[in-house]
Amino acid sequence: MTVAQAVVEYLSKQYTVDSINGAEYRERLIPGTFGIFGHGNVAGVGQALKQYQQQDPSIMPYYQGRNEQAQAHQAVGYARHTRRRQTFAISTSIGPGSSNLLTGAALATTNRLPVLLLPSDTFATRAADPVLQQLEQPYAYDITVNDAFRPLSKFFDRVSRPEQLFSAFHHGLRVLTDPAETGAVTISLPQDVQAEAFDVPEEFLAEREWRIRRPEADDQDIARAAEAIRAAKRPLIIAGGGVLYAYANDELAKFVELTGIPVGNTQAGVGVLPWDHRFSLGAIGSTGTTAANAIAAEADLIIGIGTRYEDFTTASRTAFQNPDVRFININVAAIDAYKHGTALPIVADARKALVKLNAALGGYRVGADLEQQVAAEKQRWDATVDEAFDTRFTPLPAQNEIIGATSRAMDAADVVICAAGSLPGDLHKMWRVRDPFGYHVEYAYSCMGYEIPGGLGVKRAALAEAARGGEQRDVVVMVGDGSYLMMHTELVTAVAERIKLIVVLIQNHGYASIGSLSESLGSQRFGTQYRALNEEQHSFDEGETLPVDLALNAESLGVKVIRIEPGEKVIAELEQAIRDAKAAPERGGPILIHVESDPLLDAPSSESWWDVPVSQVSDLESTRQAYQTYRNHKHRQRKLLG
């Protein structure tokens, strides 16, 4: 076989095995391969995929894409919805085809989500030297573009000889299926080696199962944690994505109902509890609810479960103002369990740790005063969101209204997708999630352009889920014009495969999120509006609005478009448009709903802070004032969480 043929057949026979509450789940690890072909892979991986397609298309289904980065985003979206049991492989050509994957690799690794990257590389034999698109460095001739993947990947290897294939893929898939280590796995395949024939052992091509490791919590750690919880007067749980990946939702619900300990959730943890659960405070931190942040400020014990304590989660270490606050961190990854100098790290699977804590805390419950405060703060925030959703601005609505309309039009099992701009923060604090799979916001890397390809990956996973008898889910992508312009190419992929992806495109003629941040930092929304160039001032801040029609752009790609015109009926028409899109045939292709908004109408305040440094000296009065505000917040910042 050739190396490429061996790779394709090997990947077709890899399975993940997972045990949850006594039930066994066996999934195909790599259900398909994306690829854009060039001279680096067309005769290698491309030939192998074609050969197996003719033998049996189910061996390794091939999927087209329009951008290598977007293909990685599709794989990440798929992996997130399948709870890291499955992902895709991605084959690229050399040079720009490979380097286009770099952002996708960083996103996957940052989000702790698996993706298998197979970038092609230059000749291992150097027979063609330099080959087209080869990077040359005079100080190290063995460096290629693919070496840029090393710091972005959780595993990297280069197969320079056919015999290296065995160890490269064995160790690569070990990392890919490890909950504590997973991320981008990059195996570089030189273009000549891909086409080279060699004898492949049958055992390499046999079916292999990769059991997802879910480590138990140490009994002594659980005993210490139970002791700390019993001593606490105002404990608070911060639940992250690790709760969802461990399928620990039910165990978490049992834990909070027995103890009365309230829960704030991170971006990745939205869905750990339904929004209206009596102990759910919703989002926490810089993009959090006032309810979660009020309880966090006074908490004397924080129980972090499956969170990596991203900057927004801790409000840049200002969220916790009790001088005696302590931290228990439960995480399958040691790096996250030990974050910020925690007093009690527990390296364990979230669900298994909660099972032991539930057993160890029999009879414990927080005081009635905390339960009453939780109820009052929750009621206050819910009223704030109701007002934000129901206030009507004309002729252009606030983004709050658009979020409310989208939420009302979607079913409980549907999935909302977002990634960058002002939408993630607004969704985090206001989205009323009703299903553990109903919220997918990529915020670890907050990558502009993720939304449409990521949403397409989620939709692929949802279709596979439905085919197995699971939930029927529509996937709704919410995206601003800035992110849309970054990467809308995968709409063509959805058109080609007739996949119904619903896209709500919010046109606000600029970068609304950074515009608001810029204003708060004294930089007066500089460079954040889409305007024609004022040549005299060389400014893009005050010119005419650009005559760009993104709805027409989508139509030109073959997408069905629904335009919502400004006016008094915007929200009602938007809500109906989403319902109409949901009622469209499942294999009818993508639908884009175009609506304009007023970027100057902000969401309700989180009563929190995010550390973005302000210039210490400036000729601008706005910057000098912002710096004074910044200094006031810095005084509240903890050195360590501890």
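I began with strand β10, residues 235–239, and found it mostly covered, with 5 of its 5 residues buried. Buried here means under 20% relative accessible area, against over 50% for exposed and partly exposed in between (1.4 Å probe, protein chains only). Strands are DSSP runs of E with at least two residues, numbered from the N terminus.

I noted that the model is predicted, that local features need pLDDT of at least 70, that side-chain atom pairs count only at pLDDT 80 or more, and that totals for chains, interfaces and linings use all residues. Residues are numbered from 1 along each chain as its sequence is written, and side-chain values use heavy atoms, with hydrogens and water left out.

I then asked which way the residues of β10 point. P235, I237 and A239 point one way, L236 and I238 point the other way, and all are buried.

Next I looked up the partners of β10. Two strands pair if DSSP finds at least two bridges between them. β10 runs parallel to strand β13 (residues 301–305), joined by 5 bridges, and A239 stands opposite I305 there. With strand β11 (residues 263–265), β10 pairs in the parallel sense over 3 bridges; I238 stands opposite G264.

I turned to an open sheet of 6 strands, in the order β4-β3-β5-β6-β8-β7, with parallel pairing. β4 (62–63) and β7 (155–158) stand at its edges with a single partner strand each, so one side of each is left without a neighbour in the sheet.

Last, I checked strand β3 (residues 33–35), which pairs with strand β5 (residues 89–92) in the parallel sense over 3 bridges. G35 stands opposite S91 in β5.

Conventions:
Helix = DSSP H or I, 4+ residues; strand = E, 2+ residues; numbered from the N terminus.
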